[in-house]
Amino acid sequence: MEKFDKLTGVAAPMNMINVDTDMIIPKNFLKTIKRSGLGRNLFDEMRFDRDGNENPDFVLNKPAYRKAQIIVAGDNFGCGSSREHAPWALLDFGIRCVISTSFADIFYNNCFKNGILPIKVSKEDLDNLMDDAERGANATLSIDLENQTIEGPDGGTVTFGIDAFKKHLLLNGLDDVGLTLQKADKVDSFEDKQKASQPWIAGAATV
Amino acid sequence: MSSPKTLFDKIWENHLVDVQDDGTCLLYIDRHLVHEVTSPQAFEGLKNAGRKVRRPDLTLAVPDHNVPTTDRTKTIENEEGRIQVETLQKNCKEFGVPLFDLQDIRQGVVHIIGPEQGFTLPGTTTVCGDSHTATHGAFGSLAFGIGTSEVEHVLATQTLLQSPLKNMRITVEGALPEACTAKDLVLALIGKIGTAGGTGYVIEFTGQAIRDLSMEGRMTVCNMTIEGGARAGLIAPDQTTFDYLMGRPMSPKAGAWEQAVEFWKTLPSDEGAVYDKEVTLDVSEIVPQVTWGTSPEDVAPITGNVPYPADFADPGKQQAAQASLDYMGLKAGMAMQEVVIDTVFIGSCTNGRIEDIRAAAEVAKGRKVADGVRALVVPGSGLVKEQAEEEGLDKILVESGFEWRDPGCSMCLAMNDDRLEPGQRCASTSNRNFKGRQGFGGRTHLVSPAMAAAAAVSGHLADVRDL
Ligand code: SF4
């Protein structure tokens, strides 16, 4: 997993609430068995018409935002289906950071597992950042995860909160599975205890 | 004495393997359900790292999202879908994971088969790479939807990293009026709390209306907790739960059964337990519910009208409502019952159980599907299908003009060939009315099975009480 420490990039404004994972990556692209390659279908139904032509009004099709690395969006970003294809598609397109007032829980957690930083800010800060993002070619934000700051094009700075452990994983690009496997002895002793107290849990699934 | 605990607190504490300094918890997972769409990349990750599945005996796999609902003996025509199903078969074989394959009568929607087999049990933790895992909360199992990276984590370690969640209690008072079902109850609830109302919470449902529900109905309620934004829904196990589970293939066997029931009886929330948030809903006066927009919170009574965007106080919601109306092709102010439909879908993990098929058949009996309406009934599992056929429900439905299909997710999300064409409009018993959910450009109205059948025979959204 790629580390996330600092990022300076173009921020694309998506001034709408409830951007759901069906919009981020429509389900007809879920049939892949790989993690890569989904970026070309990111926001597919908004980005392209039925014949595959670009919709010139969609923000990521506008010249200034084609290489956006940050999305600034309204409330409840990432709601809907738990598909992790949503962060994979964002990442594959090049988005490393999403800023909103709130995120759906599953999407929020999935971002961290894929090297994407979701940032929660207040409504007031979001309005300002949305204004910044609407400046086209000048819509550059600088994010510093270590110091938990977002710097706007005019030098104004917003600070944000984040869970310390999640921050640690992102800063170091750490894989959760490897970390947990180091605790195998704790899992072993849990299983021993459970076997004694709830013997009906084990051995359930057979064909 | 320790302080009073909620059902959620008890299950959580019972599954703590480790707590990190920052409070992140490592939770043990008792039950892991796997399907073909969200697992290939997880198995890919295991393979790449040379890791094994830690507990195949706590893992159960089934193909459901992509499977055809007509002739199973043919191969799946859609190549990508076929590759996903074949990849699941290969992975299960390679990693020793139990699989209910396409030809197995126990195959079905992942959230239907877990309970049906007695794999889902009270007091356990259940996960699946699918947001509607919340369904299993009906049994008092703490059940989460997880992403593919987490699927990989659970396969490898049988644990999940989770931050603690907050407790919400929703007390549903009153007795459901006739012709109103668990689906109407939960739609009314989401209409009240909104799609973000439960974010960050586990919701425990209590109250008379919940206790009166069958297990099928409880599953419908918990299934749609996720549409209310919550991480999971829970209902305390009681005699209804035990009666449902007794004798199921994977339920505790005699001997262990008594011990299990004793334990399950200790699970309900203690008197005086504190919740971070409380909501009360009285359902004694509700009428059958329908959705008009593209978010599950866009709910109206069937006797009501499509709202005007200006009715909403919040400007964001006004905009969203206008966009919904444009997409849905509806005029503000029109009566819900004037909305003409061309498709009906009865099925999914929300409403694909035997009780749901019975409700649909009861309405269909002696009536005909309206001209120009295509109506699909897709049982949630092979066993539901078998039971429905034993009861003769398939005949009633087919005589009325419904199509009787094989089990799978089908038009709930249209990954197989069952889908809406652009502009088509469907009364659906599924759980999501998002744009394009049932097919590109398709329009969805969420309803109960009885209301879906009423729409099928009327040709428009209709009040089942008037039939
Ligand atoms: S029936 Fe629908 S909601 Fe349920 S698991 Fe299948 S696709 Fe998901």
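A:Gln148 sits in the loop of chain A that runs between strand 5 (140–144) and strand 6 (149–151). This residue is not a glycine, yet its phi is positive, at about 55°. A:Gln148 has a relative accessible area of 19%, so it falls under the 20% cut-off and counts as buried. Keep in mind that the model is predicted.

**Another positive phi in chain A**
- A:Phe43 also goes positive, with phi near 50°, and this residue is something other than glycine.
- Look for A:Phe43 in the loop that links helix 1 (21–24) to helix 2 (44–47) of chain A.
- A:Phe43 is buried, with a relative accessible area of 0%.

**Chain A as a whole**
- Chain A has eight helices and seven strands.
- Its C-alpha trace spans about 65 × 45 × 25 Å along the principal axes.
- Chain A has 207 residues, and 57% of them count as buried.
- The chain exposes about 8700 Å², with carbon and sulfur atoms supplying 47% of that area.
- Take the contacts in chain A between residues at least 6 apart in sequence: 65% of these join residues at least 24 apart.

**Helix 4 of chain A**
- Helix 4 covers residues 105–112, and eight of its eight residues are buried, so the rest of the structure largely encloses it.
- Those buried residues are A:Asp105, A:Ile106, A:Phe107, A:Tyr108, A:Asn109, A:Asn110, A:Cys111 and A:Phe112.

**The ligand in chain B**
- The ligand takes up the space of the largest cavity.
- Three histidines, B:His65, B:His111 and B:His132, are among the residues around the ligand.
- Sorted by class, the shell has five nonpolar, five polar and two charged residues.

**B:Thr444 and its surroundings**
- B:Thr444 belongs to strand 18 (residues 443–446) of chain B.
- At a relative accessible area of 1%, B:Thr444 is buried.
- Leaving aside residues up to four places away in sequence, B:Thr444 touches B:Thr291, B:Gly293, B:Met328, B:Cys426, B:Ser428, B:Arg432, B:Asn433 and B:Gln438.

**Helix 2 of chain B**
- Helix 2 of chain B covers residues 40–49, and its buried residues include B:Pro40, B:Gln41, B:Ala42, B:Phe43, B:Gly45 and B:Leu46.
- The buried residues of this helix pack against helix 3 (85–93) of chain A.
- Within chain B, they pack against strand 3 (31–34), helix 3 (79–95) and helix 5 (148–157).
- B:Gly50 follows the helix, and its phi is positive, near 65°.

**An exposed loop residue in chain B**
- B:Glu178 lies in the loop between strand 8 (166–173) and helix 6 (182–193) of chain B.
- B:Glu178 has 75% relative accessibility, so it counts as exposed.
- C-alpha to C-alpha, B:Glu178 is 9.8 Å from B:Ile286, and the two are 108 residues apart in sequence.

Definitions and conventions:
Residues numbered from 1 in each chain as written. Chains lettered and ligands numbered in written order. Predicted model: local features only at pLDDT ≥ 70, side-chain atom pairs only at ≥ 80, totals over all residues. Heavy atoms only, no water. Near = heavy atom within 4 Å. 1 Å grid on protein atoms, 1.4 Å probe; cavity = no way out; pocket = protein on both sides within 12 Å on 5 of 7 lines; lining within 4 Å. Sits in = over half its atoms within 2 Å of the grid points. Nonpolar A, V, L, I, M, F, W, Y, C, P; charged D, E, K, R; others polar. Buried < 20%, exposed > 50% of the residue type's maximum accessible area, 1.4 Å probe, protein only. Helix = DSSP H or I, 4+ residues; strand = E, 2+ residues; numbered from the N terminus. Contact = heavy atoms within 4.5 Å. Areas by Shrake-Rupley, 256 points an atom, 1.4 Å probe, with all protein chains shown as cover.
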